[in-house]
Structures are given as structure tokens and as C-alpha cells.
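Please open the model in your viewer and follow the selections below in order.

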Amino acid sequence: MIEQISEFWRSQTSRLMLVYLLIIMVMSISYSLVIYATSASQLERQLPTNGLIEVGQPSGLTGRVGEYLQALVAEGKQELIVRLYVLNLVMLIFGAALSFVLARWTLDPIERNVESQTRFVSDASHELRTPLTAIQTSNEVALRKKKLTLAEARMVIKQNLADVDRLQRLTTTMLELVADDRPLDLSPVHVHDIVSRSLTDIAPRALERQVEIDDQTKNRLVLADMASATQALTILLDNAVKYSPVGQAVVLTTKRPRRGTWAIAVSDRGPGIDKSEQKKIFTRFYRSDQARSRHGSSGGYGLGLEIAQMIARRHGGLIDLRSTVGKGSTFSLVLPAARAKSAASDDASR
Ligand code: ADP
């Protein structure tokens with residue numbers, strides 16, 4: 001208990017709380033002084049000043065009335081002082097509680113931020129260490145060999161380059177996460193334009209995994225930043241291709257989840273995601289055990305969905321997930337619908 005109290009006194013909360021309490025008490029005492037000064041002068045002004053009852057007058061009716069009134073004023077002042085003391089005591093107790101609440105209110109988001117930054121640095125260091133260790137080990141093994149053939153040397157260099165590529169991808173992704181305050185260039189954009197750009201990005205990967213992408217989207221207009229929306233959709237498509245069984249198709253459709261929004265839905269027939277994991281996969285560096293064991297570090301770093309969610313939210317939208325284990329998943333990029341004048345004519349023409 002004593003340890004907890006002394007820990008509290010050393011904490012940032014207690015320091016900030018004392019600062020707030022000091023401000024509250026300075027204000028309260030100053031206010032009390034002003035009240036006392038004005039009330040005291042008002043009380044004194046009640047005394048008649050016609051010279052009949054001035055203090056020091058010879059005793060008589062007027063002199064006694066004067067003393068009586070003086071005593072009343074002094075009593076009134078005493079009472080005022082007592083009341084102001086009580087008021088400040090109450091302020092001290094109430095102020096302490098209020099200062100504590102205010103201190104926590106101020107510090108909570110800062111602490112959460114620092115914690116998340118610390119976690120990010122530690123997770124990032126961990127992810128960066130893996131390819132660095134691989135580079136170090138392969139070079140050390142190669143150096144220890146008495147005779148290194150040209151073919152072996154080429155193999156080591158190839159391995160090193162693959163690891164450097166992984167490092168580059170990771171650092172680029174991390175920079176994207178940190179630099180999330182780039183202003184969005186929002187304008188009415190056709191869903192087909194976003195889809196076709198994403199398909200171009202993802203085509204080599206889909207071809208490599210023999211996953212067909214069936215585009216059934218309708219050409220709605222959304223209010224989006226073309227580059228960011230394309231990036232978010234590419235992340236969803238990349239995952240769908242990555243986690244789909246070879247030969248299975250990934251289907252793209254458009255949906256209207258709510259009035260004023262359009263969603264581009266990416267459905268796959270992959271392993272699906274357990275309910276208990278559906279929230280976690282949107283957090284930084286989270287990868288399911290299955291994804292780690294099947295795809296290793298070549299699969300990704302568990303950053304993609306967080307970036308996609310961040311992009312969607314900055315648009316005022318979200319990434320919606322529907323998934324059944326063993327059947328597959330549908331990730332939808334929900335964006336605000338555009339209300340451009342050309343929308344009606346555009347929809348009709350397509
Ligand atoms: P990663 O680069 O590891 O794919 P993401 O943030 O994009 O990182 O995804 C996080 C995790 O979510 C993945 O490791 C995987 O476990 C799960 N996941 C994402 N998309 C799918 C999908 N289409 N099917 C099944 N699991 C998925």
C-alpha cells in the first residue's frame with residue numbers, strides 16, 4: 001500500500017494533478033480575496049457617516065449605536081472569512097478529485113500513443129532483425145568456407161539480395177504507416193478506374209499463383225483519393241490472391257452497405273478467419289499462426305490490413321470483413337459515394 005502511494009507520488013499523474021490543483025486553488029483564493037474585499041467595503045459602506053456615530057465619540061445613544069454597528073460589521077467580516085475558509089477547503093477536496101480526473105484525461109491518450117510507438121519500434125526491430133540475421137549468417141558461412149565456388153558465391157549474393165528486397169519492402173511499408181498525414185486529394189472517382197489500376201498491380205502475383213480474378217464490379221462513383229484507394233484495394237487483392245488455394249478464383253463485386261456509400265468487395269475461397277482473430281488482423285504486425293507457418297516472412301509483415309483500414313478511415317469509410325473458417329473471406333473497401341453532377345449520366349452510360 002505504502003509502495004503504491006509512493007509510486008503514485010512519483011508518477012506523472014500526481015505531478016500534473018498538483019499543477020492543476022495549484023491552478024484551481026490560486027483561482028479560488030484570488031476569487032475569495034476579491035469577494036472578501038468587495039463584501040467588506042460594502043459592509044463598511046452601510047455605516048452612516050454623518051459624524052454622529054464615529055468611534056471615539058463621547059458615550060451617549062449615538063456613540064453606543066455606532067459601536068454596536070461597528071461590532072456588527074466586524075462580526076459580518078469574521079463570518080465571511082469563516083465561510084471563505086470553508087469554501088476553499090471544499091474547493092481543495094473537490095479540486096483534488098477534479099485535478100486527478102483532468103490529469104488522467106490529459107495523460108491517457110499521450111500514454112497510449114507512447115505505448116503504441118514503443119510497441120511499433122520493438123515490433124519493427126524484431127521484423128528488421130530477421131532478414132539482417134539471415135544476411136549475416138549466409139555471409140559468415142560463405143566466408144568460413146576454404147574454397148567458395150563461383151556458383152556458391154552467386155547463390156549467397158542472390159540470397160542477400162532477396163533479404164535486402166524484404167528489408168526494403170518492410171521499411172517502405174513502415175514509412176507509409178508513419179506518414180499517414182499526407183492530405184488526401186479527394187475527387188469523384190470511378191470504381192472501374194480504381195479496380196483496373198489495382199488489377200494491373202496485382203496481375204503478376206495472380207499469374208504466379210494461378211489465381212484468376214473475376215471482376216464483376218459496377219462502375220459507381222466514389223469520393224476518393226485515387227492513389228490511396230488503389231493502394232488499399234491492392235492490399236485486399238494481394239491478400240486474397242496470397243491466401244487463396246491455387247487455381248481458385250477471387251471475385252470482385254460492388255455493394256452498397258449504407259446509403260451514401262459504395263463498397264468494393266474482394267471475395268476469396270481461402271482458409272477464412274476465425275471470429276477471435278477478425279479484429280486482431282487489423283492490428284500492426286499481427287499475422288495468424290497459419291499465415292506465418294504457410295507463407296513465412298515472404299508472405300508479409302502483418303502491416304497491410306492496418307494500412308488499408310487507415311486509408312479507408314481517412315476517406316470516412318472502413319474495411320468491412322465477413323469470413324467463415326473453411327469457406328473464405330470477403331474484405332470490402334467501403335468509400336463515400338460521390339455526388340458529382342456527372343454521376344447520374346455516368347451510371348446510365350455504363
Ligand atoms: P500480411 O502481410 O501478413 O498478409 P495483413 O495485415 O495484410 O498482413 O494481414 C494480416 C493477417 O490477416 C494475415 O497474416 C492473415 O493471417 C490474415 N488475412 C488477411 N487477409 C486474409 C485472407 N484473405 N484470408 C485469410 N486470412 C487473411
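Begin by selecting helix H6 (residues 226–243) together with helix H8 (residues 304–314); in this predicted model, the two pack at an angle of about 145 degrees, with their axes 9 Å apart. The crossing of H6 and H8 is left-handed.

Next, display the side chains at this contact. On the H6 side, select Ser 228, Ala 229, Gln 231, Ala 232, Ile 235, Leu 236 and Asn 239; these meet Gly 304, Leu 305, Ile 307, Ala 308 and Ile 311 of H8. Sorted by class, the contact of H6 with H8 comprises eight nonpolar and four polar residues, and no charged ones.

Now turn to the largest nonpolar core, which has 47 residues. Select Ile 194, Leu 233 and Phe 331, the residues with the most contacts inside this core. Helix H6 gives the most to the core, contributing nine residues.

Keep Phe 331 selected and show its surroundings. Beyond its neighbours within four places in sequence, Phe 331 is in contact with several residues, including Leu 236, Ile 264, Val 266, Phe 282, Leu 305 and Asp 320.

Finally, look for aromatic pairs, of which the structure holds two. Select Phe 120 and Phe 285: this pair is tilted, at 5.9 Å centre to centre and with 35 degrees between the planes. Phe 120 lies in helix H3 (residues 61–144), whereas Phe 285 lies in the loop between strand S5 (261–268) and helix H7 (289–299); the pair thus links distant parts of the chain, 165 residues apart. Both Phe 120 and Phe 285 are buried.

Technical notes: Residues are numbered from 1 along each chain as its sequence is written. This is a predicted model: local features need pLDDT of at least 70, side-chain atom pairs count only at pLDDT 80 or more; totals for chains, interfaces and linings use all residues. Side-chain values use heavy atoms; hydrogens and water are left out. Axes are lines fitted to C-alpha atoms, for helices over the stretch in contact, and angles run from 0 to 180 degrees between N-to-C directions. Helices (H or I, at least four residues) and strands (E, at least two) are DSSP runs, numbered from the N terminus. A crossing is left-handed if the near helix is turned anticlockwise from the far one by less than a right angle, and right-handed if clockwise. Contact means heavy atoms within 4.5 Å. Ala, Val, Leu, Ile, Met, Phe, Trp, Tyr, Cys and Pro count as nonpolar, Asp, Glu, Lys and Arg as charged, and the others, Gly among them, as polar. A nonpolar core is a set of buried Ala, Val, Leu, Ile, Met, Phe, Trp, Tyr and Cys residues joined through side-chain atoms within 4.5 Å. Buried means under 20% relative accessible area, exposed over 50%, partly exposed in between (1.4 Å probe, protein chains only). Rings of Phe, Tyr and Trp (its six-membered ring) pair if their centres lie within 6.5 Å; planes under 30 degrees apart count as stacked, over 60 as edge-to-face and the rest as tilted.
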